[in-house]
Amino acid sequence: MILVTLSHLPPQRTSMATIAPNAPSLPYFSTYQVLSSGYRLISVNSLFQGGRSRIFNTLKLKPIFTTSLVELRRRRTLITAVNQDAEESFKKTVEVDRLIDMLRDANPSELQKLVVENILAFNESFWIRLAARSDTCKSEDDKKDYEELAVSVMSIVDRVVHKTKEKIESSTDILKAVLKPVVDEEEETSWPPRDPEALKLMEKNIIQREKEGQLDEGFLSEVSAQLRQAKEDGDKPGLEAMLQKVLQFYASSVLSKRSYAKKGDEVLKAEQFLETVIKAPEEEWNTLLINGMAVGKGEISLEEFYAVIKKRIERTLIRTEGGSYQQRILTEYLKGIQSRAEEIVNVLQSKK
């Protein structure tokens, strides 16, 4: 270890102070000399070099008593201002976090109401904070939740901004717009549609409106009520099939938002297969299931396939409001895939 001592200056410029009274007693080191005007650091080793001193560095010390009272007051004011800014920033962050938590916990109808009531809160600070919370998520599911929340809030804000002087479409109006591609000019509902492109247009319309947050509980309630009435009447098979297709497109769109087919770098084949069926039109399920399940031409065992369906249903129940139309429609769609798989298994096994 290298020790240092202060060089000796003329007595009239030096004030003495013992800073290290417990320092070891050495023949060449006793005290530090603190100089009011400055000091010089000298290597102890240089004391053995013929008594000559080698100067390493010179530092000027500014006596504290030379600092003016005005300077002290200015510093105190700056510190107070910084503390106040930090406190205000913290309070704003807490308020934004509280709003984000409320939005996350809200169901679709409550979400729209919250956005409208807090329309001025969706500024740059809100989106930065939402992005920061998404970045700190440890779970991919949670990150996806934040992404979906951001899309939903932006869609509602956009609708509010662009429709402040217009009447927002009712659930009935939205359903009519969704069905428009498959309903002819005479308002008749033939099924399947005469135009093969009509279903694609309807599906595209549903996906877009779902992204914009228009297909809420009110809409799902309207579709379910119309479907129930069509079944009771029994004389409108075309309308019944059409409304069923609306719910299928809706369920496929929502369930396809999340993928569980990868776990790190590993591809979970059963999950990947289920997601392929979820995205496919109902008319293609038979072919996909026969080609994908081990009982047919594929490699996915029945146990694996039923297990991932069960897990997806459990995830859906957790992430949707209990008793809601959305929860019922999504779980029925998944159960429909399982029922179709069971039917195919029975047919194939009966042929063996």
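These legends describe close-up views of one predicted protein model. Local features are given where pLDDT is at least 70 and side-chain atom pairs where it is 80 or more, while totals for chains, interfaces and linings use all residues. Residues are numbered from 1 along each chain as its sequence is written, and side-chain values use heavy atoms, with hydrogens and water left out.

**View 1. The whole chain.**
The protein chain has 12 helices and 5 strands. Helices (H or I, at least four residues) and strands (E, at least two) are DSSP runs, numbered from the N terminus. Of the 352 residues in the protein chain, 34% are buried; here buried means under 20% relative accessible area, exposed means over 50%, and partly exposed lies in between, with a 1.4 Å probe and protein chains only. Contact means heavy atoms within 4.5 Å. Among contacts between residues at least 6 apart in sequence, 63% join residues at least 24 apart.

**View 2. Helix α8.**
Helix α8 covers residues 237-255 and has 19 residues. The expected span of a helix is 1.5 Å times one less than its number of residues. For α8 this gives 27 Å, and the end C-alpha atoms are 27 Å apart, which agrees. Of the 19 residues of α8, 15 are buried, so the helix is largely enclosed by the rest of the structure.

**View 3. Aromatic pairs.**
Rings of Phe, Tyr and Trp (its six-membered ring) pair if their centres lie within 6.5 Å; planes under 30 degrees apart count as stacked, over 60 as edge-to-face and the rest as tilted. This rule gives 5 aromatic pairs. In one of them, the ring centres of phenylalanine 126 and tryptophan 127 are 4.9 Å apart and the planes stand at 85 degrees, so the pair is edge-to-face. Phenylalanine 126 is buried, at 1% relative accessible area, whereas tryptophan 127 is partly exposed, at 26%. Phenylalanine 273 and phenylalanine 305 form a tilted pair, with 5.1 Å from centre to centre and 50 degrees between the planes. Phenylalanine 273 belongs to helix α9 (residues 269-279) and phenylalanine 305 to helix α11 (residues 302-319), so the pair ties together parts 32 residues apart in sequence. Phenylalanine 273 and phenylalanine 305 are both buried. Phe122, Phe126 and Trp127 make up one aromatic cluster.

**View 4. Charges over rings.**
A charge sits over a ring if NZ of Lys or CZ of Arg is within 6 Å of the ring centre and within 35 degrees of the ring normal. Arginine 315 places its charged end over the ring of tyrosine 260, 3.7 Å from the centre. Lysine 245 lies over the face of phenylalanine 249, at 5.5 Å from the ring centre.

**View 5. Surroundings of arginine 133.**
Arginine 133 is in helix α3 (residues 124-135) and is buried, with a relative accessible area of 13%. Neighbours within four places in sequence aside, arginine 133 is in contact with Asp97, Ile100, Asp101, Arg104 and Tyr146. A polar contact is a pair of N or O atoms within 3.5 Å; within protein, one must be able to donate a hydrogen and the other to accept it, and residues adjacent in sequence count only if both atoms are side-chain atoms. The side chains of arginine 133 and tyrosine 146 make such a contact at 3.0 Å. A salt bridge is a side-chain nitrogen of Lys or Arg within 4 Å of a carboxyl oxygen of Asp or Glu. Arginine 133 forms one with aspartate 101, the closest N and O atoms being 2.7 Å apart. This pair links distant parts of the chain, with aspartate 101 in helix α1 (residues 69-105) and arginine 133 in helix α3, 32 residues apart. Aspartate 101 is partly exposed, with a relative accessible area of 34%.

**View 6. Other salt bridges.**
The structure holds 19 salt bridges. In the one between aspartate 141 and arginine 258, the closest N and O atoms are 3.4 Å apart. Aspartate 141 is in helix α4 (residues 140-162) and arginine 258 in the loop between α8 and β4 (262-263), so this pair links distant parts of the chain, 117 residues apart. Aspartate 141 is buried at 19% relative accessible area, and arginine 258 is buried at 12%. Glutamate 332 and arginine 328 meet in a salt bridge at 3.6 Å, N to O. Both lie in helix α12 (residues 325-351), 4 residues apart, about one turn of the helix. Glutamate 332 is partly exposed at 46% relative accessible area, as is arginine 328 at 35%. Salt bridges with shared partners join Arg104, Asp141, Asp145, Glu148, Arg258 and Arg319 into one network.
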